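Q: Could you walk me through this structure, starting with a helix and then turning to the ligand?

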Amino acid sequence: MRIAITRPVGEELGSCQLTHLERRPIDLALARRQHAAYEAALAELGCRVERLVAEPGLPDAVFIEDAAVVLDELAIITRPGAASRRGETAAVAAALAPYRPLRSIDAPATLDGGDVVRLGRELWVGRSRRTNPAGIEQLRSIAAGAGYRVRDVPVEGCLHLKSAVTAIGEDRLLINPRMTDAGAFGGRRLIEVDPAEPLAANVLAIGERVITAAHQPRTNRRLESAGVRLRRVELSELAKAEGGVTCCSLLVEAAARGETPAPAPGR
Ligand code: CIR
């Protein structure tokens, strides 16, 4: 069973953190409809959607991916790089506790979940503005203990590593080589985003399908030409808050009672 944990679009989304974008008005009602349609896509692709309750004072809480890194054996509760986001993690820890033993990233380390790309037993972590060297070392030590190899890679001109590269299935990645070091992913099959869509690398693989934002048609056509089956969602309003498709959910493979969960290929 695959669970997708989500968080609602809060009233204060318009005061979200912004790093690379100019602030533009966000249509909250449209953002909520788009988010609900995203959750419907997750359900259509077989996820049981668990939506947490909204909490005031956390404008970026909808971007739940940044609050945790979920591995097969454990979940790591992060310490987000933006101080305004640190209040997001308690509810996420409570939601993950039934499914995984929890570990945490502790001060002075910072780490955003959006900086961690996983493929099988390998993790790549971005050296971004949000994730500091201590965060990388704490992730490395916790994940190495569970049998993962952790490599750190540069992040340039975008918020998180997952803005630059995401995994598609077992051995492929969608990448913008201008925003990270493609060589660090050597040996994997790489599909490049269309150069006209620099932020199009953020897609969410679920089983055989890939959720992608409809506003990146050129890259979506490249993916389809490579045989990738897409499920498009409209995310224009969350994109104004620098959010993409991976950041609005945390996926957890959970065993139905008495079963062992299948390992997750990548995210
Ligand atoms: C932030 O700057 O933290 C939010 N406005 C956007 C976070 C997006 N998260 C992600 O891509 N993992």
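Predicted model: local features only at pLDDT ≥ 70, side-chain atom pairs only at ≥ 80, totals over all residues.

Q: Which residues of H3 are buried?
A: Gly135, Ile136, Leu139, Ile142 and Ala143 of H3 are buried (under 20% relative accessible area, with exposed meaning over 50%, 1.4 Å probe, protein chains only). Seen down the axis of H3, the buried residues fall within an arc of 140°, so they line one face of the helix (the arc is that of the directions from the helix axis to the C-beta atoms).

Q: And which residues are exposed on the other side of H3?
A: Pro133, Ser141 and Gly145 are exposed there.

Q: What do the buried residues of H3 pack against?
A: They pack against strands E4 (75-77), E5 (102-104), E6 (116-119), E7 (122-127) and E8 (149-154), where contact means heavy atoms within 4.5 Å.

Q: Switching to the ligand, what lies 2.8 Å from its atoms?
A: An N or O atom in the side chain of aspartate 66 is 2.8 Å from a nitrogen atom of the ligand, and a polar side-chain atom of arginine 130 lies 2.8 Å from a ligand oxygen atom.

Q: What about alanine 241?
A: A backbone N or O atom of alanine 241 lies 2.7 Å from a nitrogen atom of the ligand.

Methods
Residues numbered from 1 in each chain as written. Heavy atoms only, no water. Helix = DSSP H or I, 4+ residues; strand = E, 2+ residues; numbered from the N terminus. Polar contact = N/O pair within 3.5 Å; in protein donor to acceptor, adjacent residues only side chain to side chain.
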